[in-house]
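Dear colleague,

I am passing the structure on to you with this email, and my notes on what was found follow below it. Please read them with the model open beside you.

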Amino acid sequence: MENKHLTVFKEFKKQLLNFPRDTLYDKYLDTIVSAQLKKIKYSDDIFEPEKLSRQYIYAKARGVNEDSVDSQTAKNSINTKKLNLELENFIRSHPDCKQAFDDIGYMPVVIASLSSGGAKNRSLLWMDIKAVRDNSFGQKQILDTTSLDVDEETEDEEDLSFLTYERKPESAIKSSLFTRLFFKQGKLKLRSFSGVLLMLLLMLSFVADIFIAIFSILVLFLLSDLPGFKLWQVMVLLLLIPVAYLNWRYFFMPLYQLPYHRVIKAPMFFANINVDNADIEMYRNKDKLNVARITEFIAVCPICSGAIELANGKPDQKQPLVGRCREAPHAHVYSFDRMTMTGWFLGVDNLLRCENPTI
Ligand SMILES: [Zn+2]
């Protein structure tokens with residue numbers, strides 16, 4: 001007979017693969033369940049959990065070196081109660097998944113405890129199973145399981161209406177070929193040679209856009225008086241109009257707005273093809289000169305732990321630039337304050353209250 005733990009963990013791992021969500025908590029859960037499965041493979045019938053430190057889970061889920069993660073950061077971002085809530089949400093939101101665990105009669109649960117061992121006590125996490133009672137996924141069960149977690153007594157209730165942004169490390173930002181033409185190490189002084197060159201290119205593209213627009217309209221109006229013009233030439237000219245529009249809308253306008261908005265999404269050509277997110281911010285250096293810098297503002301969504309990126313506020317927000325969650329871009333929306341690097345919830349009215357009846 002197959003081990004019950006093995007059946008439940010295998011099923012959970014399969015369901016995580018079937019319904020992938022790009023959120024940190026799902027990655028934490030995946031890390032924990034994968035470690036249990038690996039341990040079971042090499043053990044006998046009796047289940048011996050693989051207990052993991054928060055640093056290990058944090059590092060593995062984010063793909064960073066475990067030694068670079070300090071215990072406080074890991075503790076702040078991995079909350080056992082939230083892990084169990086996310087786990088239950090995951091199962092509840094996929095009927096097939098819920099059915100699978102109902103059939104087995106057991107479902108996974110995350111357990112945390114204080115490890116014994118000298119003065120440097122730290123809590124360890126692992127996954128166990130619990131009976132699916134009355135097919136209900138109640139809150140009480142979660143509270144029961146987390147009461148073991150002595151370490152988390154000091155944890156504050158999370159504030160879902162607020163988040164803090166950070167800049168991606170410079171080494172992690174990949175710039176495009178076009179950017180490297182003008183930006184030296186991701187930075188561009190506007191009064192340097194490259195800066196003036198970029199301005200000239202910008203002005204030139206603007207003049208070209210206007211010229212194409214006027215020329216196309218003139219040709220269209222005077223077509224009958226221009227016997228030398230062939231049809232294919234007119235077609236090529238017509239094709240130039242959308243090109244001019246795209247250039248104006250996605251190249252000229254964003255860069256033109258940079259000095260006023262201070263932060264913009266990197267327009268076409270500036271973002272690396274392999275990277276789907278890049279921002280340009282402008283600041284004054286010590287000589288009071290304007291410098292443009294390729295960067296990336298990121299945050300973790302307080303609601304679902306997905307990645308928050310800057311995006312256009314249109315059409316649902318008033319601000320030109322807001323932070324949108326990659327997993328729920330129109331529901332989990334936060335404001336963006338570049339100076340304090342903070343944001344407030346702007347999303348659907350009452351969403352936070354609906355998800356947290358206690359607020
Ligand atoms: Zn989210």
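Two residues are taken to be in contact if their C-beta atoms, placed from the backbone, lie within 7 Å. This is a predicted model, in which local features need pLDDT of at least 70 and side-chain atom pairs count only at pLDDT 80 or more, whereas totals for chains, interfaces and linings use all residues. Residues are numbered from 1 along each chain as its sequence is written.

With that contact rule, and leaving aside neighbours within four places in sequence, Gly 195 is in contact with Leu 188, Lys 189 and Leu 190. Gly 195 belongs to helix H9, residues 193-221, where helices (H or I, at least four residues) and strands (E, at least two) are DSSP runs numbered from the N terminus. Gly 195 has 18 C-beta neighbours inside 10 Å and therefore counts as partly exposed; a residue is buried if 20 or more other C-beta atoms lie within 10 Å of its own, exposed if 12 or fewer, and partly exposed in between.

The sheet comes next. Four strands form an open, antiparallel sheet in the order E6-E9-E8-E7, with strands counted as paired if DSSP finds at least two bridges between them. Strand E6 (187-189) and strand E7 (263-265) are the edge strands, each pairing on one side only. Strand E8 (residues 279-284) and strand E9 (residues 290-295) are joined by six bridges, and Ile 280 has Ile 294 in E9 as its bridge partner. Helix H10 (residues 231-261) packs on this sheet and touches E7, E8 and E9, its direction making about 155° with that of E7; axes are lines fitted to C-alpha atoms, for helices over the stretch in contact, and angles run from 0 to 180 degrees between N-to-C directions.

As for the interior, a nonpolar core is a set of buried Ala, Val, Leu, Ile, Met, Phe, Trp, Tyr and Cys residues joined through C-beta atoms within 7 Å. The largest such core has 29 residues, of which Tyr 28, Leu 29, Ile 32, Ile 57, Leu 83 and Val 110 touch the most other members. Helix H2 (24-41) is among the elements that give two or more residues to this core, and H2 gives the most, with six residues.

H2 and H5 pack with their axes 10 Å apart and at an angle of about 95°, so H2 and H5 are roughly perpendicular to each other, a label that covers 65 to 115 degrees.

With best regards

Terms used:
Angles under 35 degrees count as roughly parallel, over 145 as roughly antiparallel, 65 to 115 as roughly perpendicular and the rest as oblique.
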